[in-house]
Amino acid sequence: MPTHSQANWNAIILAAGEGTRMKSSRPKVLHEIAGRALVSWVVQTALDAGASRCLVVVGHGRDDVERELSTRFGERVEMVLQPEQRGTGDAVRCAIEAEDALDGRLVVLYGDCPLIPARLLQNLVDRSEQTNADLGLVTATLANPSGYGRIVRNGAGSVLRIVEDRDCSPDQLAIEEVNPGLYAVGAGFLRKAIAELTPENAQGQLYLTDVVELAATRGEVVDLEGDMADLTGVNDQRDLAVAASTRRRRMAEELARSGVAVTDLDTLYMEAACEVEPGAMLGANVHLRGHCVVRAGAHIDVGCVLTNVVVEKDAKVLPYTVATDSTIGEGAQVGPFSHLRPQTDLGPRSKVGNFSETKKTTVGPGSKVNHLSYVGDGVIGEGVNIGAGTIFCNYDGAQKHTTVIEDGVFIGSDTQLIAPVTVKKGAYVASGTTVTDDVPEGALALSRVKQETKQGYAARLRERLRRKKKP
Ligand code: UD1
Ligand code: CA
């Protein structure tokens, strides 16, 4: 976590807009990158950078936005309502009118800019403090500046004003220096300037950006150069995809730098709440979603998709395994092509192999479910072998029932266990058995039709079948 700026400042984050360009029913700021809402990335940045208070202006979809923020940040964020979305200047007006006590330096940020580094906010605050400017802003240069407000400077190179894309003259449209949208403004100045805004522009809105011209004519403006890669604003689905892929790449690089063996920086996908310890290995196209924890020495091989999974030390997850809400124990091995459904708990050194599916099942230490089996609603003890093609028949069409397999049991291939049923310690179930009754400790259970063998019959049978076949 970055060190906090020395200065005392408050953040105002604008998140009341609808985001019509997203063509989505969800409020724009709730669209996610790396499993976290756009606005939450911005709030996190403000908190990391050391904001004393963090006010978020909400409006469109406010119930959902407030729920997201209060679940994630609790008391650390305060919400302010903007009843009608009359522009970014109006949004700031709502915040400062609602909060008489807001003073010092106010940092205004847009809730749709999810890549801003905390360090840049601190630099902006520090520079504004040092120069005692009425307004500090960040600018950036962009080969294709369309959509962004342009920075207009005078002959001496000082910032004069910001002109919105829609309000630009043809000459202004050619300006490549843009407004990414982060400002540090003295509270006293901001209050006065906001009161003077007028909606004389292409959108008939109150533009926060007009405050820059007021600051330039009345006082002191300081500007700082930023890197546009950090400052992308999300207005449509393409912007969202671009921001998500930048974030994804950065997270992969950070992991690699921390000591995780990342096979392919371009395809590792990890959500923000996941944790991977140094010394783990993550293959190409691995997706870690929700809250995953991957401990040191664990290997997650190519193409695995894990959601809320804990992978303990030295476990191996072989290619193309899909696992959800599960735990993979120390030194355990899963896959290739296994499917662990919710509430699977694999003990240390256990194995679940190819094309096996598990659900709500504990597998004891060293036990194996190696091939093509379904184990659902099961409790499997220690040192158990489940043979190929075994099915826990857990569902009778109305209810789910439990199958218990005690320590040291051997289940032969192609066994069906009709739950509820228990196979006691050390018992042996022969291949092809349908287990309907509990099997006592140490017993052998066997249910098979006796085999009939007719010598030399194969050729006769083939001939008969051939004659039956229509020409
Ligand atoms: C804004 C800037 C533009 C800048 C760009 C950077 C203005 C007028 N323009 O344009 O100079 O280059 O961001 O990304 O500020 N919002 C509200 N209430 C409103 C309107 C908007 O809270 O009434 C919020 C939105 O939820 C959004 C943010 O303010 O999070 C920015 O609004 P948006 O409409 O995306 O502004 P841009 O057109 O991108
Ligand atoms: Ca925007």
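**Asparagine 308**

I started with asparagine 308 and its cover. Its relative accessibility is 29%, so asparagine 308 counts as partly exposed. The classes I use are buried for under 20% relative accessible area, exposed for over 50%, and partly exposed in between, with a 1.4 Å probe and protein chains only. The model is predicted: local features need pLDDT of at least 70, side-chain atom pairs count only at pLDDT 80 or more, and totals for chains, interfaces and linings use all residues. For bookkeeping, residues are numbered from 1 along each chain as its sequence is written, chains are lettered from A and ligands numbered from 1 in the order in which they are written, and side-chain values use heavy atoms, with hydrogens and water left out.

I then checked the backbone. Asparagine 308 sits in strand E20 (residues 305-311). Helices (H or I, at least four residues) and strands (E, at least two) are DSSP runs, numbered from the N terminus. Asparagine 308 is not a glycine, yet its phi is positive, about 50°.

Leucine 372 belongs to the loop between strand E28 (368-369) and strand E29 (374-380). Is leucine 372 buried or exposed? It is exposed, because its relative accessible area is 53%.

The areas come from the Shrake-Rupley method with a 1.4 Å probe, and for residues only the protein chains shown count as cover.

**Cis prolines**

I looked at two peptide bonds. Glycine 335 and proline 336 are joined in cis, omega about 0°. Proline 336 lies in the loop between strand E23 (333-334) and strand E24 (339-340). Alanine 419 to proline 420 is also cis, with omega near 0°. Proline 420 lies in the loop between strand E34 (416-418) and strand E35 (421-423).

**Valine 352**

I noted valine 352 in strand E26 (residues 351-352). It is buried because its relative accessibility is 1%. Leaving out residues up to four places away in sequence, its contacts include Gly335, Ser338, Leu346 and Val369. Contact means heavy atoms within 4.5 Å.

**Ligand 1**

A polar backbone atom of glycine 17 is 2.8 Å from a ligand 1 oxygen. For a polar side-chain atom of lysine 28, the distance to an oxygen of ligand 1 is 3.2 Å. A side-chain N or O atom of glutamate 164 is 2.6 Å from a ligand 1 oxygen. Alone, ligand 1 would expose 760 Å², and the protein buries 91% of that.

I searched for salt bridges and got 25 over the whole structure. Each is a side-chain nitrogen of Lys or Arg within 4 Å of a carboxyl oxygen of Asp or Glu.

Aspartate 90 is buried because its relative accessibility is 1%, whereas arginine 93 is partly exposed at 23%.

I also checked what covers the buried residues of H3 (residues 88-98), among them Gly89, Val92 and Ile96. The cover includes strand E1 (9-15), strand E4 (53-58), strand E5 (78-81), strand E6 (105-110) and helix H6 (187-195).

Last, glutamate 78 bridges to arginine 53, with the closest N and O atoms 2.6 Å apart. This pair links distant parts of the chain, 25 residues apart: glutamate 78 in strand E5 and arginine 53 in strand E4.

Terms used:
A polar contact is a pair of N or O atoms within 3.5 Å; within protein, one must be able to donate a hydrogen and the other to accept it, and residues adjacent in sequence count only if both atoms are side-chain atoms.
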